[in-house]
Amino acid sequence: MKNKKQPIELNKIIIFIVLLILSIPIILGYLWLIISTFAEVTHGLLPVDRNGNFGGFTLENWNFIFEKEVWLATWNTLLLALFMTVGVVAVSSLAGYALSRIKFNGRKEFLSLTLVLHAFPSITLLIAIYFVLKFFSGIPVLKLFMGYNTIGGVVLVSLAMQLPLGIWLMKGFFDGVSWDVERAALIDGCSRFRTFWNIMFPLVRPGIAALSIFSFMTGWSSFIIPYTFLSGGAGHEVISTYLNSMMSSDTISINYNLLAAVGLFQLIPILIFYFFNQNYLMKIFSGGTHGGV
Amino acid sequence: MKELGWSAEEIDSLPQRIAEGSYTLDDMLETCERAVDAGVVEEGHGYWHRPLKGGDFIQFYVAFGGQIYDEEQDKLVIDEDALIKCYQFQRDCVESGATPESYIGTQWNIWHNEVANGGALFFNAGTWMWADWAANYVDGGEDTLFENLGFAYEPSGIRGQKGTTLSHPLVYLVASESASGSEDQALAERLIAKMQTTERNTRHAVESGHLGVLESQDNYAPYKESEFLSAASYLLDNNFFQPNHPMYGLWFDSFWENLVSVEQGDKTAEKGASDCIKVLKLELEDQLIVK
Amino acid sequence: MRKHKKSNVAYYFLLPAGILIFLFFFLPVILTILISFTDMSSVTGFSNWSIVGLNNYFKIFVHPDSLHIFGQTMIYVSCTLIFFNVGMGLLIALLAYHLPKRVGGFFRSLWLLPRITPAVVYVLMWKMLAADAPYGVLNELFRVPFGLPTTNLLPEHAMLFCILVNGYIGASFGMIIFSSAIESISSDIMTSSLVDGAGIFDRARYIIIPQLRWPLLFVTTYQTLSLLTSFESIMVLTDGNFGTEVWSLWSYHKALNNYYGNFQYGFGSALSGLLVVVGIVFAIIYLKYFKFGELVKEPLIDEI
């Protein structure tokens, strides 16, 4: 027994070291981020003050919290994430329920369509979507909610892109609910919608939770959609585009430590969500559950 | 430059000689070579042009006699000869040791730090950087800058051709009602007019190191009092602009990509120029005149 | 008696999704193709354009940059896919499996971080890893102590960094799929093979990996498509400079985003139109070969 144990223990240590080495960029990256937010200047991973001496610990990078700009961007980001989440959950649940529980013409086709859309790279459609949004910009009332350069437009586009995953996910969760409760409700005379709203929807709470968390995180981190469809500048930014414009400025000196602080500012809610919901997220990231939790 | 053996006279007269065209880009590279050989300047620190993509680079094309825009026909122009010479100059910078081969992509922070503190013998910068350097990069502010740095036109590539500089004025446009859906055009115009005063423009100019845009600023006291701005204003006598042609972006993109390839040694100047012209012909079609 | 009437109420449930899918999937696909047949651009504006048929596609064919950009795209997709999305994903899953649960779980969580980090922040980290001394992490840690010259690593090794940046995100997808696949291999086989004298490397090679054939194929196909069409992190990292302009980024630059604001909608749509076609073909292949068995089970409850 003793001889067998030793090689296995040695193997495990080797494996651990190999994994650690492979993970170095990730570790270094996050270390840099956290250290830099609290230092005046960072040389590599070393916090220093302006003259290059070790130390330079400061909270001045976080002063941006006291200015308005970042809060405008944060507000937009919050709106985007919230509306997107509510929208995705609502639309996906309705569609998922119908696909899971109702017999109708075209059910097979719609299901296949959902799968095809799930695999289709919607990012290739950005140019055409620009034209769709511009079309709405021409319509008097709608243009405030759906037009180009509105948060509403960005919400709708982001929402639509999440649908294939969301519908598939919710359908899977509905598939996992037993038929009996529903059968009873329908026999008692409930309409489909009441059955859905009062009985089925509450039963898929884990699915709703998982989808909500995932959608919120996606919305909060959004970059390319707001970048393309919002023109930037105060009031038309989300945190990602705000940070990006600071990173690529030609005329204003780039302060890497300030960038790190803003970056961490955006990252913190994500990390909080992540650490409390790892199980859900792992499942969603693998492409949707195969029915049930 | 003093260390290199230039007398104070020669240094002071340099801007003048550049303006006249008696000190050319090739002369500049020669000076760099001598400086590096003499150990006065580190290798690769002879000439630091702009490290990232930007309109400044067309100055070299114009310096070799290149034309960009034909006003009469409202078309863009590409001059093959000037283009080849321009690209070759970029490559020469590297080959003569004045500029490192992997120079393009240097970060702004590092670039500013080096140049503002005299780390490069010659450099290509914008007036707006002066204010930035005085505030953020150099101990002693403007005084140190005046002591150590000088400025002049961009030297020409052709002996006898005057030095020149690129200006980049921006224009405010008010979108029409049909374009923007807004009916506040008059309000926007009034707002712009209110902002375009001598006082406000001067304040912007002095604080940020940009040259003034209104002629009235020339006679305005705070503007005149700014030592740097008054000294630099003469540069506006021989400047040019990037053309206001809708396809200019395509012209520049192709120009730039091949410039980088040539400077980094991936293509010869001739190949870079011919590739550039091929793409321009394809993308600009009838909006291009090839010389 | 069971009625077999098919329901109409389902359509109401599907309406919101249907509208959104129509507006932001179907319509854009059609628009992409239609616009690619025009010469719409910043020059023509939205009212003076004309139909030019296949001219844009012809332009792509003769464009001097097309071949180079296509080549760079192929390099980017294949290297990221092979070395990271599949390679690293498999490696991490295998390695983590052999460690105690908590340690393995720690590494899996660590490798998921790049995926959940907002793109701009994540690329910022990489930019700082590659940056020149004294700010750059890699230069400061590995070159300065040895007196080696330092440079900004990004312009010199631009494509490598694009592959690294995307690879570290992509590896997590494969990692999760392979991990759950490995865990679903019967533990009897896993332990008995060790008892029979196989080392862990042999077990990995002869037992685990063969069981992963379908997940491997799935990850490869799925990720090829997403690598082919995504460009977000490349755009933030290098903006296509230094030879990293991939096809999808080229299309985006041409039509929606470039230095001087010259937008070529027709040409850009043609470029992305090709990607759309590739995307549809791949998606259908994916559907045919990876259809999960249970999909189309008829619901047990009819309308009453």
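In chain A of this predicted model, the C-alpha centres of domain 1 and domain 2 lie 35 Å apart. Domain 1 of chain A runs over 2–58 and domain 2 over 75–285, with bounds that come from an automatic or database domain assignment. Where the two touch, domain 1 of chain A puts in 8 residues and domain 2 of chain A puts in 6 residues; two residues count as being in contact if their C-beta atoms, placed from the backbone, lie within 7 Å. On the domain 1 side, α2 and β1 of chain A each supply at least two residues, and the largest share, 4 residues, comes from α2(A). Helices here are DSSP runs of H or I with at least four residues and strands are runs of E with at least two, numbered from the N terminus. By class, that side of domain 1 of chain A has 4 nonpolar, 3 polar and 1 charged residues. The classes go like this: Ala, Val, Leu, Ile, Met, Phe, Trp, Tyr, Cys and Pro are nonpolar, Asp, Glu, Lys and Arg are charged, and the others, Gly among them, are polar.

A:G29, A:W32, A:L33, A:S36 and A:T37 are buried, that is, 20 or more other C-beta atoms lie within 10 Å of their own, against 12 or fewer for an exposed residue and a partly exposed class in between, with C-beta atoms placed from the backbone. Looking down the axis, the buried residues of α2(A) fall within an arc of 110°, so they line one face of the helix; the arc is that of the directions from the helix axis to the C-beta atoms. A:I24, A:I27 and A:I34, on the other side of α2(A), are exposed. The cover over the buried residues includes β1 (41–43) and α13 (256–276) of chain A, along with α5 (119–130) and α6 (137–142) of chain C.

Chain C also meets chain A across a contact that takes 82 residues from chain A and 90 residues from chain C. Helix α4 (residues 107–119) of chain A brings the largest share of the chain A side, 8 residues, and that side has 54 nonpolar, 21 polar and 7 charged residues. The contact between chains A and B takes 4 residues from chain A and 7 residues from chain B.

As for chain C itself, there are 14 helices and 0 strands. Its radius of gyration, taken over C-alpha atoms, is 24 Å, well over the 19 Å that the globule rule (2.2 Å times the number of residues to the power 0.38) gives for 304 residues, so chain C is more spread out than a compact globule. The C-alpha trace of chain C spans about 85 × 75 × 30 Å along its principal axes, and 48% of the residues in chain C are buried.

In chain B, domain 1 (8–167 + 242–290) and domain 2 (177–235) have C-alpha centres separated by 27 Å. Their contact takes 9 residues from domain 1 of chain B and 8 residues from domain 2 of chain B.

Residues are numbered from 1 along each chain as its sequence is written, while chains are lettered from A and ligands numbered from 1 in the order in which they are written. Local features need pLDDT of at least 70 and side-chain atom pairs count only at pLDDT 80 or more, whereas totals for chains, interfaces and linings use all residues.
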